[in-house]
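Student: I would like to go through this chain with you, starting with confidence and ending with single residues. Please give the cut-offs as the terms come up.

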Amino acid sequence: MTSTAIDWYKANYQYLMTSVNRVYRHLECYISQKQNQTTDPNPDFSPPEIPNSATPFALDILCTQFGLSVCDRDILLLCVGMELDPDFPLLCRQASGDSQINYPTLSLALSALPHVSLSVLGRQSPLQYWQLIEIAPGVTLTQSPLRIDPRILCYLLGEPSIDAQLDERVKPLDLGLTGELALPPSHQQIAQIIASAWSDSTASKNLDKPTHK
């Protein structure tokens, strides 16, 4: 791993945990309100400042690619916190008011997090539609434990991960000493057409770029 990659890896983790801490503060504020404790009248819940980086961080890429709202993002971070922060189970128990519920739920998210929409309950929600989170079987949907998909967690951490369902079916391809992949003639013809079209498209884009003097 190059020094640039290491720097991104560290900054990406720091950015993720700073984002998780914002959700942590929401839960603390919610618990204080439930217990009628004095709270900061103007708590700072603004998103963390994005450090300068040539490569975007994994959390922002994920939110953009899957069209996650602020609500979706916070629920996802709630699940990330459960995986990475040892204090989250106690916090969830205090927030839920039930000693048996020491994990994130949609009910907790709807109660404690701002900007949460009831649309997160539907299967069309990006979190459920793209299976970014897992909802464990339970008596009710809103009280069932939430868990981030392990592959998504690894992605947010910048770690490679293979889908467990594909692990036994997909294997690295040994190209042998030649490093070439032999294709059936019909497939080879299709591959050449695609490669030619891609090359023509790339060349056209390069020609269209303005030249700077």
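Student: Which element of the chain has the lowest mean pLDDT, and which the highest?

Tutor: This is a predicted model, in which local features need pLDDT of at least 70 and side-chain atom pairs count only at pLDDT 80 or more, while totals for chains, interfaces and linings use all residues. Residues are numbered from 1 along each chain as its sequence is written, and side-chain values use heavy atoms, with hydrogens and water left out. pLDDT is the predictor's confidence in each residue, from 0 to 100, and elements are DSSP runs numbered from the N terminus: helices (H or I, at least four residues) and strands (E, at least two). The lowest mean, 66, belongs to helix α8 (residues 164-167), and the highest, 97, to strand β2 (residues 146-148).

Student: In what order do the elements run from the N terminus on?

Tutor: The chain has nine helices and two strands. From the N terminus on, the order is α-α-α-α-α-α-β-β-α-α-α.

Student: Which residues of helix α2 are buried?

Tutor: Buried means under 20% relative accessible area, exposed over 50%, and partly exposed in between (1.4 Å probe, protein chains only). In the chain, 30% of the 213 residues are buried. The cover over the buried residues of α2 includes α1 (3-34), α3 and α7 (150-157). Within α2 (residues 58-65), the buried residues are Ala-58, Leu-59, Asp-60, Leu-62 and Cys-63.

Student: Is Arg-73 buried or exposed, and what does its side chain join in a polar contact?

Tutor: Arg-73 lies in helix α3 (residues 70-84), and Arg-73 counts as buried because its relative accessible area is 13%. Leaving aside neighbours within four places in sequence, its contacts include Tyr-15, Ser-19 and Cys-63. A polar contact is a pair of N or O atoms within 3.5 Å; within protein, one must be able to donate a hydrogen and the other to accept it, and residues adjacent in sequence count only if both atoms are side-chain atoms. At 3.3 Å, the side chain of Arg-73 has such a contact with that of Asp-60.

Student: Which cysteine sulfur is nearest to that of Cys-79?

Tutor: A disulfide is a pair of cysteine sulfur atoms within 2.5 Å, and the count by this rule is zero. Cys-79 is buried, at 1% relative accessibility. Cys-79 is in no disulfide, and at 8.9 Å the nearest cysteine sulfur is that of Cys-92.

Student: Where is Ser-144 found, and which backbone oxygen does its side chain reach?

Tutor: Ser-144 is in the loop between β1 (133-135) and β2, and Ser-144 counts as buried because its relative accessibility is 3%. Not counting residues up to four places away in sequence, Ser-144 touches Tyr-103, Pro-104 and Thr-105, among others. At 3.3 Å, its side chain reaches the backbone oxygen of Ala-136.

Student: Which residues form one aromatic cluster?

Tutor: Rings of Phe, Tyr and Trp (its six-membered ring) pair if their centres lie within 6.5 Å; planes under 30 degrees apart count as stacked, over 60 as edge-to-face and the rest as tilted. By this rule there are five aromatic pairs. One cluster is formed by Trp-8, Tyr-15 and Phe-57.

How values were computed:
Contact means heavy atoms within 4.5 Å.
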